[in-house]
Amino acid sequence: MATREQIADRITELLIEHFDEFQDHEIGGEPIDISYFQRVVRNGHIQQAGASRRSEDERLVLYRSDVKANEEDIGLLDFIYETYNGPDLDLSAIELSISTTPVNIGPGMDQGYHDLIRLVVDGDIISFSNDLMNIFFQNNLGQFIDFNQTYAPINTSKVTQILDTNIFELAPASLTQQQRINRFFREYNELKPPRADLTTEETVAPLIDTSSPPDNQTDYFDEEKAAVYSGLYDISNAPPEDIENRYITWLQDSTDSNNENRSLEWLRTNLNDHYFLQQETVFDLEEGRPEYTSRSAGYLKIRGLNQAIIIRNEESNDMGLGTPNNPTWQSTGFTIAMWVRFLDKVNSGTLFNFGNPLRNNDPMGFALETFIVEKESYAGTSDGVTHFSDASTFNSNGFFLSEDVERFVRLVVKDGANAVRDSHVGNAWKDRIDTRELDTKDKLDDFTEGVSPFNYTRIPIDFSEWYYIVATYNPTFEESLVEEGLGSTYINDPDFWRGNINDSGYYTPYSGLGAQCKVEIISRSDLMRARGFQP
């Protein structure tokens with residue numbers, strides 16, 4: 001990027017390159033030299049030395065800037081800068097030519113020779129003169145200093161009579177290691193900034209202890225106060241007039257190359273990486289919890305898959321749930337509890353049923369079912385985004401993290417009003433819907449109009465784990481999705497539909513509000529751990 005100073009420098013360089021043409025002239029009987037152009041202080045004024053040349057007694061005037069030294073050139077420099085695109089000007093486009101060319105002096109007169117001087121910029125003649133000594137930008141030469149190219153031989157024998165040639169180095173005594181350590185810590189204590197966790201009249205503390213009551217452990221970082229703190233004390237990017245009052249930079253500043261790897265943050269990281277444990281020690285604690293011992297004398301084991309035992313009252317048709325003509329469960333409700341261990345991740349089926357609430361002919365009763373959802377079934381659906389109201393992926397909603405399948409459990413009931421109810425809940429990714437009219441399996445399982453499978457109770461894929469499943473139907477629960485009220489307010493809150501939020505919005509173990517069907521699970525390991533036994 002060209003500046004006016006660089007344009008002046010370029011013109012000066014060209015004058016030096018053509019200085020031989022100046023030396024061909026004589027003024028005052030002497031050839032032109034640098035001392036002719038140099039500026040001196042005479043009679044209290046700064047002026048060009050001129051024909052009388054600068055004497056050794058006269059003080060030479062030099063300027064820091066060529067533009068300042070040749071203020072009479074400012075008009076020329078401004079013209080070049082503004083006409084030829086300033087910063088985009090190519091300095092090599094500025095040329096100076098001095099040549100001797102025959103010209104006609106006048107009519108009837110012989111030809112004569114004159115010095116023609118041209119200052120050319122990008123092919124354009126900017127300044128023209130036929131007298132080498134009258135071009136005004138020649139004064140740029142006044143910034144140069146001449147020197148003698150000869151030297152006087154020195155008589156070494158006489159020099160030793162005047163100068164003391166025995167020179168001794170005044171080297172300080174070396175410090176001991178302990179002295180160096182003492183100096184290091186003394187310097188550190190003087191150069192570290194005020195504490196970042198202690199607010200004083202001068203200090204704004206960005207590290208804060210928010211515990212109540214305070215536990216003397218900072219646990220909050222205030223970014224706004226941190227910026228103020230760094231602006232007060234960091235030597236990085238400090239104003240020049242204040243730099244001697246600053247301290248070691250607190251947090252590493254990538255914009256300050258002078259203090260790269262010279263901050264308190266770098267020092268802390270270096271110490272942690274090389275001189276202290278980088279991983280917490282894991283202690284092998286001895287297991288102190290007892291093992292659980294089953295209280296029953298024995299158990300019945302079914303070795304085949306898809307097998308079950310039906311226990312019923314042989315003396316009547318009532319199995320505790322009423323008869324087909326008098327289904328007392330529709331008014332009293334029921335609870336089904338069972339231990340289950342799933343041995344694969346491909347099979348679906350019924351865990352417990354009383355009739356079939358979703359069959360085409362004479363649907364009735366209820367069923368506790370388990371089913372599998374495969375991730376590949378949703379290929380081409382943007383990883384599940386199109387199936388969730390919050391436009392999130394399967395993984396962000398907690399599905400298919402370790403397996404490509406998920407297992408779910410649901411309870412489906414055909415109630416006394418011949419309406420279908422099930423155990424799905426509302427979630428952040430999908431609202432709960434009204435299932436009363438979804439009277440077939442196809443309608444209930446339709447992803448668009450029916451229930452999302454991801455809104456049912458999920459069971460982890462673990463072939464070694466037993467799960468205690470509790471399915472409950474309580475017809476006294478107020479379940480409403482079509483009327484304005486709590487159902488609309490908490491439509492995507494799973495805790496409300498499980499009966500744990502009352503009409504005031506507070507948590508409770510039993511609210512009487514929510515879904516009439518509910519399925520809850522707990523693993524054997526979690527149950528044993530909660531009861532104080534080894535899992």
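Mentor: Arg-407 is buried, with a relative accessible area of 2%. In this predicted model, Arg-407 pairs with Asp-344 in a salt bridge whose closest N and O atoms are 3.6 Å apart. The two partners come from distant parts of the chain, 63 residues apart: Arg-407 belongs to strand E13 (residues 405-414), while Asp-344 sits in the loop between strand E10 (334-340) and strand E11 (349-356).

Asp-415 forms a salt bridge with Arg-421, and here the closest N and O atoms are 2.9 Å apart. Arg-421 also meets the side chain of Glu-479 in a salt bridge, at 3.0 Å from N to O. Arg-421 lies in strand E14 (residues 420-422) and Glu-479 in the loop between strand E16 (467-473) and helix H12 (486-489), so this pair ties together parts that are 58 residues apart in sequence. As for accessibility, Asp-415 counts as buried at 8%, Arg-421 counts as buried at 10%, and Glu-479 counts as buried at 16%. The cut-off behind these assignments is a relative accessible area under 20%.

There is also a network of salt bridges, which links Glu-369, Arg-410, Lys-441 and Asp-445. Over the whole structure, the search finds 15 salt bridges.

Phi of Phe-400 is near 55 degrees, a positive value in a residue other than glycine. Phe-400 is buried, with a relative accessible area of 5%. Asn-216 likewise has a positive phi without being glycine, near 60 degrees. Asn-216 is placed in the loop between strand E8 (207-208) and strand E9 (220-221). In contrast to the buried Phe-400, Asn-216 is exposed, with a relative accessible area of 71%.

For a helical element, turn to H1, which covers residues 4-17. H1 has 14 residues and spans 20 Å from its first C-alpha to its last, close to the 20 Å expected at 1.5 Å a residue. The buried residues in H1 include Ile-7, Ala-8, Ile-11, Leu-14 and Leu-15, and Arg-10 and Thr-12 are buried there too.

Technical notes:
Residues numbered from 1 in each chain as written. Predicted model: local features only at pLDDT ≥ 70, side-chain atom pairs only at ≥ 80, totals over all residues. Heavy atoms only, no water. Salt bridge = Lys/Arg side-chain N within 4 Å of Asp/Glu carboxyl O. Helix = DSSP H or I, 4+ residues; strand = E, 2+ residues; numbered from the N terminus. Buried < 20%, exposed > 50% of the residue type's maximum accessible area, 1.4 Å probe, protein only. Expected span 1.5 Å × (residues − 1).
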